[in-house]
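Grab a viewer and a pencil, and let's work through a few exercises on the model shown below. Each one gives you a task and then walks through the solution.

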Amino acid sequence: MIGVGKVKQYGNVLDKPLNKGKQEVSLSAFAFLFSELVQYNQTQVDNIGELERRLEDAGYAVGARVLELLCHRDKGNRRETRLLGILSFVHSTVWKVLFGKVADSLEKGTEHEDEYMISEKELLVNKFISIPKDMGTFNCGAFVAGIVRGVLDGAGFPAVVTAHFVPMEGQQRPRTTILIKFAEEVLQREARLG
Amino acid sequence: MPRPVRISFRALNRLVWTAFVLLLSNQMSIWMLICVLIIYCQLFSFSVHDNVGSGKVFGMAAIYSLYIINKSGGLIYYKDYGSAGRMDTNDSLRVASLWHSMHAISQQLSPVSGCLGIELLQADTFDLHCFQSLTGTKFFVVCEPGAQHMENLLKFVYELYTDYVLKNPFYEMEMPIRCELFDINLTQAVQKDRVVFLGR
């Protein structure tokens with residue numbers, strides 16, 4: 001066999017490093033899995049608010065794990081402690097690992113000091129989903145909102161995170177905006193740090 | 001000017017004759033012949049408006065209408081692309097279920113073993129191209145006689161169906177399709193350039 005001499009022999013299987021493997025999963029497989037997640041949760045609830053909450057909870061668990069993993073992998077076991085730092089961490093690092101690209105935009109809310117928005121023209125989870133008319137403003141991006149909440153909460157920035165459709169001029173499809181409203185204590189701490 | 005014409009199915013005529021011949025050679029039961037005759041009569045009992053050329057006005061490929069029927073013959077999607085000759089809901093439902101039975105019977109009548117049913121029906125005023133997926137969902141398009149690349153279009157519609165309908169958690173299997181994304185992408189696909197592009 002070619003190159004057989006170069007392969008290091010490990011006596012114990014546990015000593016063998018894990019191979020890196022593919023970094024991506026099939027979009028179809030994910031879409032079907034996510035579809036099942038939504039359908040399952042739909043059978044468990046009797047109103048749309050409850051469905052949104054359940055999807056958010058499912059995302060929260062993902063967010064908490066993603067934070068742990070990325071802090072270890074990319075940041076040498078350190079995490080962001082400043083507001084803008086953690087926001088750009090979510091907007092770029094987390095988004096890149098989860099969706100393969102940086103989020104389209106990160107903006108500060110104009111009306112309130114404590115609000116920030118991450119916008120996506122076409123959120124990956126919504127790629128194949130059409131919301132029926134009778135479900136009103138429901139957005140499956142609640143799952144992604146949950147992920148963001150999980151990351152922020154784990155990093156010590158408690159916040160309320162929601163997903164909304166925002167119609168865009170000249171576009172057939174609305175974009176999805178993840179609205180982050182930080183808790184008061186976060187802003188107070190931020191002011192103290194200067 | 002659109003004028004009402006009767007569907008004159010040369011192919012269907014041939015089907016009925018084949019049925020007679022098969023009956024004479026004792027290869028088919030009398031009941032199947034009756035089925036064929038009933039369908040034959042029903043197809044002739046309603047008329048379809050001739051809308052040759054109306055599609056061209058809108059820059060569309062000469063497609064008149066598109067149907068998707070589920071595995072039990074129910075119409076789950078219908079879209080009209082001609083300005084004239086629009087069929088009402090009842091007629092489109094009837095065409096869908098008739099085509100379903102025709103398709104099933106043609107499979108049995110075919111002299112070739114392992115036949116998957118009619119793929120193309122050529123009539124004087126239109127062509128009907130049909131594509132059946134492995135799960136039994138049928139896609140068929142009624143278009144101008146001699147329109148090209150319809151197989152590709154149907155395969156593409158199938159692809160859109162698997163993406164924007166089957167991956168949508170709010171779609172119930174075998175039920176009528178009401179998905180915004182499916183509509184948007186289908187409209188794009190049916191535009192003429194798109195069909196030519198698909199046929200490369």
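Buried residues make up 30% of the 200 residues in chain B, where buried takes 20 or more other C-beta atoms within 10 Å of a residue's own, exposed takes 12 or fewer, partly exposed is anything in between, and the C-beta atoms are placed from the backbone. Keep in mind that this is a predicted model: local features need pLDDT of at least 70, side-chain atom pairs count only at pLDDT 80 or more, and totals for chains, interfaces and linings use all residues. As for labels, residues are numbered from 1 along each chain as its sequence is written, while chains are lettered from A and ligands numbered from 1 in the order in which they are written.

**Exercise 1. Check the length of H1(A), then work out which residues of H1(A) are buried.**

Step 1. The rule is 1.5 Å times one less than the number of residues. For the 18 residues of H1(A) (27–44) that predicts 26 Å, and the end C-alpha atoms are 26 Å apart, so the two agree.

Step 2. The buried residues in H1(A) are A:Ala31, A:Phe34, A:Ser35 and A:Val38. Seen down the axis of H1(A), these fall within an arc of 105 degrees, so they line one face of the helix; the arc is taken over the directions from the helix axis to the C-beta atoms.

Step 3. Ask what does the covering: helix H2 (48–74) of chain A is included in what covers the buried residues of H1(A).

**Exercise 2. Describe how H2(A) packs against H3(A).**

Step 1. Do the length check again. The 27 residues of H2(A) should span 39 Å, and the end C-alpha atoms lie 37 Å apart, which agrees.

Step 2. H2(A) and H3(A) (residues 83–99) pack at about 105 degrees with their axes 11 Å apart. That makes H2(A) roughly perpendicular to H3(A), since angles of 65 to 115 degrees count as roughly perpendicular, under 35 as roughly parallel, over 145 as roughly antiparallel and the rest as oblique. Axes here are lines fitted to C-alpha atoms, for helices over the stretch in contact, and angles run from 0 to 180 degrees between N-to-C directions.

Step 3. Name the contact: A:Val66, A:Leu70 and A:Asp74 come from H2(A), and A:Thr93, A:Val94, A:Val97 and A:Leu98 from H3(A).

Step 4. A:Val66 is also one of the buried residues of H2(A). What covers those buried residues includes H1, H3 and helix H4 (142–154) of chain A.

Step 5. Just past the end of H2(A), A:Gly76 takes a positive phi of about 60 degrees.

**Exercise 3. Sort the side chains of S2(A) by face, then find the strands that S2(A) pairs with.**

Step 1. In a regular strand the side chains alternate between the two faces of the sheet.

Step 2. S1(A) (residues 105–108) pairs with S2(A) in the antiparallel sense over 4 bridges; pairing takes at least two DSSP bridges between the strands. A:Ser105 stands opposite A:Ser119, and a hairpin through 6 residues joins S1(A) to S2(A).

Step 3. S2(A) also runs antiparallel to S4(A) (residues 175–182), with 6 bridges. There, A:Glu120 has A:Thr176 as its bridge partner.

Terms used: Helices (H or I, at least four residues) and strands (E, at least two) are DSSP runs, numbered from the N terminus. Two residues are in contact if their C-beta atoms, placed from the backbone, lie within 7 Å.
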